[in-house]
Each structure stands twice: as structure tokens, then as C-alpha cells.
4 protein chains.
Amino acid sequence: MQRHQIGILGATGMVGQRFIQLLEQHPWFEVVWLAASDKSSGKRYGDAVKWKLDTPLPAHIAQMQISPATPESAPKIIFAALDSDIARELEPKFAAAGCAVISNSSAFRMQQDVPLVIPEVNGDHLPLLEKQTWRKQSGGYLVTNPNCSAIGLVLALKPLEERFGLDAIFVSTMQAVSGAGYPGVPSLDILGNVVPYIKSEEEKMQEETLKLLGCLKDDRVQPLEAKISAHCNRVPVEDGHTESVSIKLRKPATREQILAAWQEFRPLAGQNLPTAPAQPIEFIPADDRPQPRLDRMRGHGMAAVVGRLRPCTLFDWKFTVLSHNTIRGAAGAALLNAELLATLGKLEPAAVPA
Amino acid sequence: MQRHQIGILGATGMVGQRFIQLLEQHPWFEVVWLAASDKSSGKRYGDAVKWKLDTPLPAHIAQMQISPATPESAPKIIFAALDSDIARELEPKFAAAGCAVISNSSAFRMQQDVPLVIPEVNGDHLPLLEKQTWRKQSGGYLVTNPNCSAIGLVLALKPLEERFGLDAIFVSTMQAVSGAGYPGVPSLDILGNVVPYIKSEEEKMQEETLKLLGCLKDDRVQPLEAKISAHCNRVPVEDGHTESVSIKLRKPATREQILAAWQEFRPLAGQNLPTAPAQPIEFIPADDRPQPRLDRMRGHGMAAVVGRLRPCTLFDWKFTVLSHNTIRGAAGAALLNAELLATLGKLEPAAVPA
Amino acid sequence: MQRHQIGILGATGMVGQRFIQLLEQHPWFEVVWLAASDKSSGKRYGDAVKWKLDTPLPAHIAQMQISPATPESAPKIIFAALDSDIARELEPKFAAAGCAVISNSSAFRMQQDVPLVIPEVNGDHLPLLEKQTWRKQSGGYLVTNPNCSAIGLVLALKPLEERFGLDAIFVSTMQAVSGAGYPGVPSLDILGNVVPYIKSEEEKMQEETLKLLGCLKDDRVQPLEAKISAHCNRVPVEDGHTESVSIKLRKPATREQILAAWQEFRPLAGQNLPTAPAQPIEFIPADDRPQPRLDRMRGHGMAAVVGRLRPCTLFDWKFTVLSHNTIRGAAGAALLNAELLATLGKLEPAAVPA
Amino acid sequence: MQRHQIGILGATGMVGQRFIQLLEQHPWFEVVWLAASDKSSGKRYGDAVKWKLDTPLPAHIAQMQISPATPESAPKIIFAALDSDIARELEPKFAAAGCAVISNSSAFRMQQDVPLVIPEVNGDHLPLLEKQTWRKQSGGYLVTNPNCSAIGLVLALKPLEERFGLDAIFVSTMQAVSGAGYPGVPSLDILGNVVPYIKSEEEKMQEETLKLLGCLKDDRVQPLEAKISAHCNRVPVEDGHTESVSIKLRKPATREQILAAWQEFRPLAGQNLPTAPAQPIEFIPADDRPQPRLDRMRGHGMAAVVGRLRPCTLFDWKFTVLSHNTIRGAAGAALLNAELLATLGKLEPAAVPA
């Protein structure tokens with residue numbers, strides 16, 4: 001099988017680096033094009049990037065020349081890892097030029113005709129892309145994945161919403177510094193410290209969660225009707241967002257029923273998406289888990305890891321959820337979206353997977 | 001004025017060290033007796049302690065000999081900084097021997113005739129001590145301060161409860177490692193990590209908060225009738241507990257009214273207690289505060305520092321509160337209790353402050 | 001091929017856990033026996049261990065019952081990960097009972113008839129084991145690997161000693177907390193801090209380095225005649241020891257000659273030892289490397305990573321070396337020793353590798 | 001006594017903030033002028049600064065308006081806390097305009113007619129300033145203090161050089177992140193990590209140490225004739241540089257002689273400089289000290305703290321030295337220089353201290 005040729009917009013940033021790491025030896029996708037800011041354009045990738053991952057930069061990627069961030073030279077499948085304001089400007093250009101833009105940016109997530117998708121949760125929102133003007137005119141489109149803080153939460157909530165209904169959600173996060181990119185959070189701000197604020201994060205987390213758990217009806221996503229309140233905090237952790245959650249359900253649920261809902265949640269089973277974890281939600285029974293340093297790589301960094309399920313004195317249940325913010329929460333999320341789009345035949349015709 | 005002679009039970013631990021630091025040059029109290037575990041008894045304090053504070057161990061304290069942990073040789077005022085199971089055994093012995101035991105331990109906090117007190121919040125619960133059998137028989141008694149995670153929260157809540165009534169409280173903590181004593185949390189557990197569990201902490205935080213905010217009626221404390229749910233987490237911070245809080249009020253309150261309630265909350269004004277902060281609740285308007293490393297020493301470590309007041313999409317308001325866990329949350333809390341007891345004439349007769 | 005059956009002494013500690021992790025799916029060795037302290041004996045391993053690695057505890061290992069730490073029930077190949085004082089008592093018992101004891105402990109490293117070995121450096125010291133009384137009487141023997149701080153240094157020095165001769169060595173270490181085991185270093189001692197002292201570490205580092213670089217002559221190891229001075233420090237890093245090194249050579253060497261010596265150092269090439277890294281010494285040309293978080297996993301944690309080669313204003317050259325302290329510096333070191341012993345036919349006869 | 005009116009160049013940076021903190025309530029100096037980069041000019045200081053110290057920004061300073069960084073409006077005494085390339089451009093302008101420029105920058109430290117001074121070490125180098133052209137033409141001059149990594153080392157070495165002579169120095173540093181200013185070191189680079197490189201730091205440390213320990217002869221500083229080699233590393237510590245040092249002396253010295261040299265080193269005794277520590281070199285006998293978190297504030301952050309004195313197997317003695325990098329290593333260093341200049345009558349005539 002020939003692999004899909006893909007490009008990466010924002011290839012030198014933290015999420016761009018994760019794309020490169022995760023795409024190395026990917027069975028369906030092949031990186032053929034890298035773009036970054038103007039000052040990097042024309043350089044060898046190896047010279048332009050400050051590689052911050054703990055696996056070596058692949059030699060053949062290091063040799064690639066960075067292209068200008070314009071659609072002319074680009075392949076028809078683009079993973080976009082851009083800052084929001086740049087995404088707002090560039091992503092529409094690529095979609096208008098006929099590219100499938102699989103974006104990690106927040107710029108268009110809440111736009112009415114843009115699917116905001118976690119494959120295990122709401123892959124059925126993808127048809128929304130057919131409503132995009134770009135799609136009709138050029139074949140191009142834009143699909144997004146949620147904020148890194150929302151993904152683990154929504155994965156943990158989805159099977160509970162399905163079986164018991166969700167009425168209210170309280171969540172307080174302890175987020176890793178890699179979520180802010182590089183250079184990102186200054187060490188003087190976070191060593192031995194907590195910063196109880198991440199700009200716009202609470203708003204994103206709240207509205208994206210309800211859109212992700214909503215229903216596609218009459219070409220629109222009806223957000224879930226539930227109340228949600230988020231507190232977002234930064235802590236001195238490299239990777240992995242940990243979240244304390246309390247939920248109020250519409251129907252009573254026992255501990256066993258909740259554990260079963262999580263355990264049995266395998267909506268992608270049988271689809272063989274290369275990046276999909278076998279067990280999207282992993283429950284750890286130990287008292288003091290999940291912990292980011294020990295558990296963020298579960299399911300190759302793609303699992304939502306839950307623990308500490310216990311009754312809530314205020315709502316019904318409380319628990320802790322953890323997910324890897326630059327894998328499941330960013331590059332891996334977009335990659336899984338692309339894999340689902342591939343199986344739906346929505347990537348370029350030349351490269352349908354076997 | 002002659003100073004009260006006091007003793008410290010558990011003098012070598014983290015809280016014991018804070019007592020020594022805070023009592024150095026205290027105008028009302030003088031440390032004359034130090035006790036610790038059997039293996040330290042008889043040693044010079046300077047040889048027995050692993051001093052972990054960033055001010056030097058006072059030379060005259062270093063020279064003191066550690067006494068056996070029995071009331072025979074002890075003065076009549078005891079600050080107790082013992083682990084809970086040891087406190088359960090030792091504190092009653094000292095109270096029965098006629099000592100005023102000002103305890104930081106959790107062992108007896110919830111016992112019906114034991115005052116659990118924050119002077120700014122519920123100093124009026126102190127008369128409960130007169131009901132203690134020890135008091136009647138020997139003059140001794142036991143007074144406690146709350147868990148380090150409850151103190152900052154309750155300070156921030158008290159003026160809101162007074163003015164608007166509290167219906168429901170969500171709190172999610174990010175607690176410093178010094179709260180676990182020494183050696184306490186292993187570095188392998190917390191470097192670059194979050195531990196979403198502290199044994200019994202959520203239960204303590206919940207029940208102590210309601211007792212502290214309750215009313216003394218007919219020789220009993222009626223706990224506040226409100227719902228509270230706590231999530232307790234450990235983070236890699238040396239000192240200072242940070243807490244994300246959402247509250248539901250009984251009466252509507254505007255932002256200005258809440259800020260005014262905090263600003264005007266000075267219940268100890270005019271009492272001149274040496275350890276009382278001039279402003280018990282300090283509000284910082286910057287978006288990203290309070291932060292433990294920058295703000296824990298406000299009010300010499302005795303203030304509850306609040307920030308990020310904003311509407312809650314689920315309840316009424318949300319905010320962040322920070323307090324220093326081994327000063328306001330432990331040694332300073334006990335010290336302030338003792339100062340209030342002194343002004344009430346409940347410490348030994350020989351040493352009434354002017 | 002049938003795999004060698006091996007046992008692990010000290011299986012619940014940090015190094016014991018690494019043994020289990022590294023032996024999972026090892027082509028030559030199979031874990032059949034686990035022993036730990038008396039209080040763990042008889043328990044399921046999964047119940048006794050506080051598993052601290054970021055890969056899950058293998059399920060079949062979790063089910064194994066912990067045996068008493070006596071040779072009666074043990075297999076004939078033992079990986080020992082014991083504290084030094086316990087090793088001093090137990091390891092001789094196993095050797096006397098006919099076991100090949102591959103030890104990570106410091107207890108016997110400097111004993112005259114005990115090989116202290118890094119396979120790439122001085123595998124030719126192994127015949128020393130034939131001089132052990134245990135060997136003569138029962139077939140058992142004791143082989144050791146060096147301290148975690150010495151291994152990376154000695155790997156980096158060996159090719160330089162071979163080609164240019166070493167006259168003097170300065171080394172100052174910045175060591176990870178995992179080197180102290182679990183619970184090990186209290187978080188209050190190391191968060192945002194440096195501890196400029198590790199008990200006995202400088203002495204071990206100095207004497208082991210000279211023994212490792214020495215020659216086996218007349219049934220004795222003649223230590224290298226060179227001067228060495230070590231400063232050992234603990235820093236808030238989870239894994240990976242970083243060391244600043246200055247060296248004085250006996251013959252002049254250019255930068256290119258030193259880089260070539262490192263690059264060409266592959267003494268185990270062609271032996272196909274499963275744990276041996278293809279490139280034992282990896283040089284990184286970037287100004288600011290090696291760094292523990294980014295580079296400790298080079299060669300699956302078995303490489304010595306060097307960088308910052310530059311002239312020394314005091315001696316001849318200076319550089320930085322990094323190695324993973326619980327893989328190359330402990331469990332992986334012992335495992336590689338065992339693999340080399342296997343190819344030499346010195347493990348039990350029943351299991352000669354193909 | 002009227003206080004000297006002083007200005008701060010680079011007032012919003014980390015060192016500028018320390019100047020403000022240390023000058024609050026200074027008996028001799030009064031801050032009347034603040035300058036920063038063009039983008040801050042004209043703003044209230046409180047609006048322009050990201051205050052990162054753990055004492056509150058003084059209210060009257062917060063209200064001050066930031067002036068343009070030109071000498072026209074400036075007072076005649078300037079504390080300069082500028083980046084090196086900006087210092088190179090601006091400091092001469094202020095000196096030429098008649099200002100006493102007390103600089104923390106590296107730009108002119110090694111220039112032949114610029115005194116590089118630690119008052120306790122080489123205050124006798126100050127007359128060099130009379131050779132400056134600026135001095136002759138306008139009365140203005142430039143005086144510098146050394147790099148933050150050199151100061152603690154040189155303080156510890158000075159009395160040993162005086163009594164025993166220094167032949168060779170090996171030093172390996174573990175430097176705090178605050179030394180790089182704000183935002184400075186990205187958290188992704190240093191959390192759980194070591195960076196074995198700080199640009200130009202080793203060169204500065206080496207050459208400045210020899211100039212500081214040199215002699216002023218014939219209007220020139222003859223650098224000390226000794227060999228020195230520095231390894232500079234960044235570690236995840238907020239404040240306080242820790243250094244491992246080995247030294248070779250010209251005359252033999254016993255442990256007692258070295259301790260006495262440190263203990264008796266009080267060259268400023270009797271001068272009553274407000275910022276001078278009573279004991280410039282503090283020795284801590286405990287095995288595992290000094291440590292940055294516990295000891296950096298000795299002497300109000302102005303002491304060099306030494307420990308671990310022990311024989312060196314390669315040179316004569318080795319020890320650890322610690323000093324606070326933004327107090328003794330930066331703002332406090334400049335302040336002490338200014339105090340010494342004041343007593344020498346080299347500050348403006350209107351404000352000679354009593």
C-alpha cells in the first residue's frame with residue numbers, strides 16, 4: 001500500500017515535534033513537507049528546530065528543507081500545529097486550496113460547520129465537514145481536535161453520559177508545562193510553584209466539552225445540556241494533565257456500573273486505526289493513581305487513565321483523570337482524527353488504506 | 001512582663017521546628033522545655049534535630065536537652081506537634097496533669113468537647129473547653145487547630161458565610177510536601193509529578209470545615225448545614241497549599257460585596273495578638289495569583305491569600321485561596337490559639353499579659 | 001533455545017524493579033524466583049511492591065509469590081539488588097550454595113578476588129572469579145558491577161586511556177534521586193535544592209574507577225596509576241547522572257582523535273549481547289548536551305552520552321558525560337555482565353545460548 | 001543625614017527588582033529614578049514590571065513613572081542592571097554625563113581601566129577609576145561587580161590566597177535559574193533536568209576570578225598567576241549557586257588553618273557598610289551543607305557559605321561554596337560597591353554619609 005503523503009504546518013513547535021515523532025514509521029502516513037515560521041523557511045529542519053523530545057530527531061527528517069507556509073508546494077493532507085492567531089489566518093488558505101486540514105489549534109473549534117472530534121466520542125460529527133464552503137469549492141476542509149485539557153475529561157465522561165446521563169460537572173486541573181509550548185512557561189514561574197491561571201483555558205474546556213458530548217442534528221451540533229465549571233492550574237510537571245472531577249448524573253449508577261461503563265468503552269474496536277489505544281479508558285484501582293509521571297504513557301500516551309472513583313458528598317461521584325497532553329491531547333488526537341477520516345474515504349483518493 | 005513558660009511536644013518534627021522559629025523572640029512565650037521521641041530523649045536538641053528551615057537554629061535552643069515526653073517535668077503550657085496516633089496517647093496525659101495543651105494534631109479535633117478553633121473564625125467556641133473532664137479535675141485542657149488544608153479555605157469562607165450564607169462548597173487542593181512532615185513524601189513520588197491522594201485528608205477537610213463554621217449551642221458545636229466536597233492532591237511545592245474553590249451562596253452577592261466582605265474581615269482588630277495578621281484575608285487582583293512561591297509569606301505567613309474571583313458556571317462564584325501550611329496551617333495556628341487563650345485568662349495565672 | 005532461569009534478590013527495590021522491567025521478554029533469561037525482605041516473603045509480588053516505573057508491572061510477575069531470601073529454593077543464577085549491609089551477609093550464602101551471583105551491591109566490589117566489571121571496559125577481569133573459594137567448592141561465584149556514578153565516567157575514559165593514557169581526572173557529579181532507592185531522598189531535601197553530599201560515594205567512585213581501568217596480572221587487578229578526585233552532588237532529577245570531567249592525558253590528543261576514540265569504541269561488536277548498546281559512547285555535538293531528561297535513554301539507557309568536549313585551562317580536556325543510573329548504572333550493568341558470562345560458558349550448563 | 005539620590009537602569013528585570021527590594025529602607029540611598037526599555041518608558045513601574053520576588057512591590061515604587069534611559073533626567077548615581085549588549089551602549093553615556101555608574105553587567109568588567117570589585121576582596125582596586133577618561137572629563141565613572149558565579153568562589157578563595165597562595169583551582173558549578181533573568185530559562189529545559197552549559201559563563205568565571213584576586217600595580221591590575229578551570233551547569237534551583245571546588249595551594253595548610261582563615265576574614269569590620277555581612281564567609285560543619293534552599297539567605301543573602309572541607313586526592317583541599325546569585329551575586333554586590341565608594345567620598349559631594 002502506498003502511504004498518504006502529509007505535511008506539517010508548525011513543524012518546529014512542541015506539537016509539531018510530537019507529530020514527527022508519532023509519524024515516524026506510521027503505516028499509513030509519510031511526512032513529505034514541513035513548514036514553519038518565515039524565519040525558519042529554507043533551513044534544514046535539523047538546523048531550525050530545538051528538538052526537545054527524548055527520542056532522537058529522525059535523521060531523514062533533520063535533512064528535510066523547511067518550506068514556506070503556503071499551499072502551493074504542500075501535499076493535500078496537512079497536520080496543523082499552529083498558534084491560534086496564525087491558524088486563524090493560515091488554515092483557511094490551505095482548506096481553500098483543497099487540503100484536508102487536520103488542526104490542533106483552537107481557532108476554529110467552535111465554528112458551527114467545523115467538526116470538533118475525538119474519534120471514540122463523536123466521530124459521527126465528521127459529516128459536518130461536508131457543509132464547509134471550502135469543501136464544496138475545492139474539496140478541502142478543516143477538522144479539529146479539542147484542547148489538551150478537555151480530551152481526557154471527555155473520554156472519561158462519554159460512556160457515563162451514554163449510560164447514565166450527565167447533569168453537572170466540576171473539574172479542577174493540574175496541567176503540565178509542555179501544554180504551553182516552547183519556550184512557554186518560564187522556569188522562574190513554575191519551579192516549586194503553582195500558577196492558578198491559564199489564559200482562556202477554562203472557557204475552552206467548558207464549551208468544547210459540551211460540543212464534543214453534543215449531538216449532530218440538522219447540520220448543527222447541539223451541545224450537551226449540562227452544567228460545567230472548570231478551574232485550570234499549571235503545575236511543575238513536564239507532561240500529563242491531571243484533573244479532579246465531580247459529576248452529577250441523571251440516573252443513579254453504582255460503582256460497578258461506572259467501572260463497567262469505562263471498561264467496556266471501545267467504540268473503535270475492530271477498526272484497526274494504528275494510533276487508537278486498545279483500551280481508551282484505563283482504570284487503576286490503587287488509591288493514589290493516576291499520576292502523570294507513572295501513567296501518562298498508558299496506551300502509548302493515548303489512553304485516558306482514571307482512578308480514585310469514590311462517592312461525592314456534593315454530587316454523585318468523584319474521580320481523577322489523567323491524559324498525556326501532547327500525545328492524546330494534541331498530536332496523537334489529530335493523527336487519530338486523520339486515521340478515522342482515512343477509513344471514511346475522506347482523505348485523497350490516491351491513498352485509500354487497504 | 002514575665003513571659004509564659006511553654007513546652008513543645010514533638011519538637012524535632014517539621015511543625016516542631018516551626019514552633020521554635022516562630023517563638024524565637026515571641027513577646028509573650030518562652031520555650032523552656034522540648035520533648036520528642038524516646039530515641040531523642042536526653043540528647044542536645046541541636047544533635048537530635050534535622051533542622052530544615054532556612055533561618056538558622058537558634059543557638060540557645062540547640063543547647064537545650066530534650067526531655068522525656070511525660071508531664072512530670074513539663075511546664076503548664078504545651079504546644080503539641082505530634083503524629084495523630086501518638087497524640088491520641090500523649091495529649092490526654094498532659095491535659096490530665098493540668099496542662100493547657102494547644103494541639104496541632106488531628107486526633108481530638110472532632111471530639112465533642114474539644115474546641116477546634118481559628119481565632120478569626122470561631123474563637124467563641126473556646127468556652128467548650130470548660131466541659132472537659134480534665135479541666136474540671138486538674139485545670140488542664142485540650143484545644144486544637146484545624147488541618148492545614150482547611151485553614152485557608154475556612155478563613156476565606158467565614159465572611160461570606162456571615163454575610164451571604166453558604167449552601168455548597170467545592171474545593172480541589174494542590175498541597176505542598178511540607179504538609180507531610182519529614183522525611184515525608186519521597187522525592188521519587190513527587191518530582192515532576194502529582195499525587196492525587198492524601199490519606200484521610202478529604203474527610204478531615206470536609207468535616208473540620210463544617211465544625212469551624214458551626215455554632216456553639218448548648219455546649220455543643222452544631223456544624224454548618226452546607227454541602228462540601230474536597231479533592232486533595234499533592235504537588236511538587238515546598239510550602240503553601242493552593243486551593244481551587246467554587247461556592248453556592250444562600251443570598252446573591254456581587255463581586256464588590258464579596259471583595260468588601262474579605263477586605264473588612266478583621267475580627268481580631270484591637271486585640272494586639274502578636275501572631276495575628278493585620279489583614280487576615282488578602283485579595284490580589286492580578287489574573288494569575290495567588291501563587292505559593294510568591295504569596296505564602298503574606299502577613300508573615302499568617303494570611304489567607306485569595307485571588308481569581310470570578311463567576312462560576314455551576315455555582316455562584318469561584319476563586320483561588322492560598323495559605324502557608326506550616327505557619328498559618330500548623331504552628332502559627334496553634335500559637336494564635338494560645339495568644340487568644342492568654343487574653344481570655346485561660347493560661348496559667350502567673351503570666352497574664354499586660 | 002531454553003532460557004536461563006534466574007532469580008532476583010531484592011526484587012521490590014528500585015533496582016529490583018528495573019531488573020524485572022529489563023528482563024521482560026529477554027531472549028536468554030527468564031525470571032522464575034523473586035526474593036525480598038522478610039516482611040514481604042510469602043506475599044504476591046504485586047502486593048508487596050510499590051511499583052515506581054512508568055511501564056506497567058507485568059501481570060505474570062505480579063502473580064509470583066515472593067520466596068524467602070535463602071538459596072534452598074533459588075535457581076542457580078541470581079541477580080542481586082541488595083543494600084550493601086544485607087548484601088554482605090546474603091551474597092556469600094548464595095555463592096557458597098553454588099549460585100552465580102551477579103551483584104549490583106558495593107559490598108564486595110573492592111575485594112581482591114571479586115571481578116568488578118563493565119563488559120566493554122574490562123571483561124577480561126572475569127577470570128578472577130575462578131580464584132574464589134566458592135567457585136572451587138560449589139561452582140558458585142560473585143561478580144559485581146560498579147557504582148552508578150562510576151559507570152558512565154569509566155566508559156568515556158576507557159578509549160582515552162587506551163590511546164593516550166590517563167594521568168589525572170577531576171569529576172564533579174550531579175546525581176539523580178533514583179540512585180538512592182525508594183523512599184530514598186525526601187522531597188523536602190531536594191525540591192529546588194542541591195545536596196552536596198552522598199555518603200561514601202566519592203570514595204567508591206575514585207577507587208572503583210581505578211580498579212575498572214586496571215589490569216589483571218598474576219591473579220590480581222593492578223589499579224590504574226592515575227590520580228582521581230570526585231565531588232558528588234545530588235540534584236532534583238529523577239533519572240540520569242550528569243558529570244563534569246577534566247582530564248590530563250599522558251600523550252597529547254587532538255579533538256578529532258578524542259572523538260574518533262569514542263566513536264570507534266565498540267569492544268563488544270559482533271558478540272550479539274542483547275543488552276549491549278550498538279554504540280556504547282554517543283557524542284552529541286550540540287553546545288548544551290548531554291542533558292538527563294533528553295539523553296538518558298540513548299542506547300535504551302545503556303549508552304554513555306558525552307558532549308561539550310573542549311580544552312581545559314588546567315588539564316588537557318574537559319567534557320560532560322551522562323548515563324542512566326538505574327539502567328546502565330545498575331540493573332542493565334548486571335544484566336550485561338550476565339550476558340557476557342553466558343557467552344563465556346560460565347552460567348549453568350543447561351542453558352548455553354545458541 | 002540626607003540620603004544619596006540614586007537611579008536604576010534596567011529596573012524591571014530580575015536584578016533591577018532585587019535593587020528595589022534591597023534599597024527599600026536603605027539608610028544611605030533613596031531610589032528617585034527608574035529606567036527600563038523603550039516599551040516601558042512612561043508607564044507606571046507597577047504596570048510595567050512583572051514582579052517576581054516574594055516580598056510585595058513597595059507601593060511608592062509602584063507609583064513611580066519609568067523614565068527614558070538617558071542621562072538627562074537621571075540622578076548622578078546609577079545602579080545598572082542591563083543586559084550586556086545594552087550596557088555596552090548605555091553605560092558609557094551615563095559615565096560621560098558625569099554619573100557614577102555602579103554596574104552589574106559583564107560588558108566592561110575586563111576593560112583595563114574599569115575596577116572589577118568585591119569590597120571584601122579588592123576594594124583597593126577602586127582607585128583605577130581615576131584613570132577613566134570619563135572621570136577626568138565629567139567626573140563620571142564606571143565600577144563593576146563580578147559574575148554571579150565568581151563572587152562566592154572568590155570570597156572563599158581570598159583568605160586562602162592571602163595566607164597560603166593559590167596555585168590551581170578546579171570548580172564545577174550548579175547554578176540557579178534566576179541567574180538567567182526573566183523569562184530566562186524555559187521550564188521545559190530545566191524541570192527534572194540539568195543543562196551543562198551557560199553561554200560565556202566559564203570564560204567569565206575564569207578571567208574575572210584572576211582579575212579579582214590580582215594586584216593593582218602601576219595603574220593596572222595584574223591578574224593572579226594561577227590556573228583555573230570552570231565547568232558551569234544549570235540546575236532546577238530558584239536561587240543560589242552551589243560550587244564544587246578543588247584547590248592546590250602554594251604553601252601547605254591544615255584544616256584548622258583553612259577554617260581559621262575563613263573565620264577571621266572580616267576585612268570590612270568597623271566600616272559599618274549597611275549591606276556588608278558581619279561574617280562574609282560562613283562555614284557549616286554538617287556533612288551535607290551548604291544547600292541553596294537552606295543556606296542562601298545567610299548574612300541576609302550576602303555571605304559566602306562554605307562546607308565539606310576535606311582533603312583532595314588530586315590537589316590539596318576540596319570544599320563546596322554557595323552564594324545567593326541575585327543578592328551577593330548581583331544587586332547586593334553593586335550596592336556594597338556603592339557603599340564603599342560612599343565612604344571613600346567618591347559619590348556626589350552633596351551626600352557624604354556621616
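Chain C can be laid on chain A by a turn of 180 degrees and a shift of 0.0 Å along the axis, with an RMSD of 0.0 Å (copies are superposed by least squares on the C-alpha atoms of residues with pLDDT of at least 70 in both). The two copies are thus related as by a two-fold rotation axis. Within chain C, the C-alpha nearest this axis belongs to C:Gly192, at 3.3 Å from it. The contact residues of chain C recur in chain A to 100%, the same surface serving both copies. The model is predicted: local features need pLDDT of at least 70 and side-chain atom pairs count only at pLDDT 80 or more, whereas totals for chains, interfaces and linings use all residues. Residues are numbered from 1 along each chain as its sequence is written, and chains are lettered from A and ligands numbered from 1 in the order in which they are written.

Contact between chain C and chain A involves 6 residues of chain C and 6 residues of chain A, two residues being in contact if their C-beta atoms, placed from the backbone, lie within 7 Å. The side of chain C that touches chain A comprises 3 nonpolar, 1 polar and 2 charged residues (Ala, Val, Leu, Ile, Met, Phe, Trp, Tyr, Cys and Pro count as nonpolar, Asp, Glu, Lys and Arg as charged, and the others, Gly among them, as polar). Between chains B and A, 35 residues of chain B are in contact with 35 residues of chain A. Two or more residues each are given to this side of chain B by β6 (166–175), β9 (227–234), β10 (241–249), α11 (292–295) and β13 (317–323); helices (H or I, at least four residues) and strands (E, at least two) are DSSP runs, numbered from the N terminus. The most is given by β9(B), with 5 residues. By class, the side of chain B that touches chain A has 15 nonpolar, 13 polar and 7 charged residues.

Within chain C, helix α1 (residues 14–23) is largely enclosed by the rest of the structure, because 10 of its 10 residues are buried (a residue is buried if 20 or more other C-beta atoms lie within 10 Å of its own, exposed if 12 or fewer, and partly exposed in between, with C-beta atoms placed from the backbone). The buried residues of α1(C) pack against β1 (4–9), β2 (29–35), α3 (59–63), β4 (77–80) and α12 of chain C. C:Gln25, which follows α1(C), has a positive phi near 65 degrees.

The axes of α7 (residues 148–164) and α12 (residues 327–343) of chain C come within 8 Å and cross at roughly 90 degrees; axes are lines fitted to C-alpha atoms, for helices over the stretch in contact, and angles run from 0 to 180 degrees between N-to-C directions. That makes α7(C) roughly perpendicular to α12(C) (angles under 35 degrees count as roughly parallel, over 145 as roughly antiparallel, 65 to 115 as roughly perpendicular and the rest as oblique). C:Cys148, C:Ile151 and C:Gly152 of α7(C) meet C:Arg328, C:Gly329, C:Ala330 and C:Ala333 of α12(C).

In chain A, helix α12 (residues 327–343) contains A:Ala338, which counts as buried because it has 27 C-beta neighbours inside 10 Å. Residues up to four places away in sequence aside, A:Ala338 touches A:Ile77 and A:Ile102.
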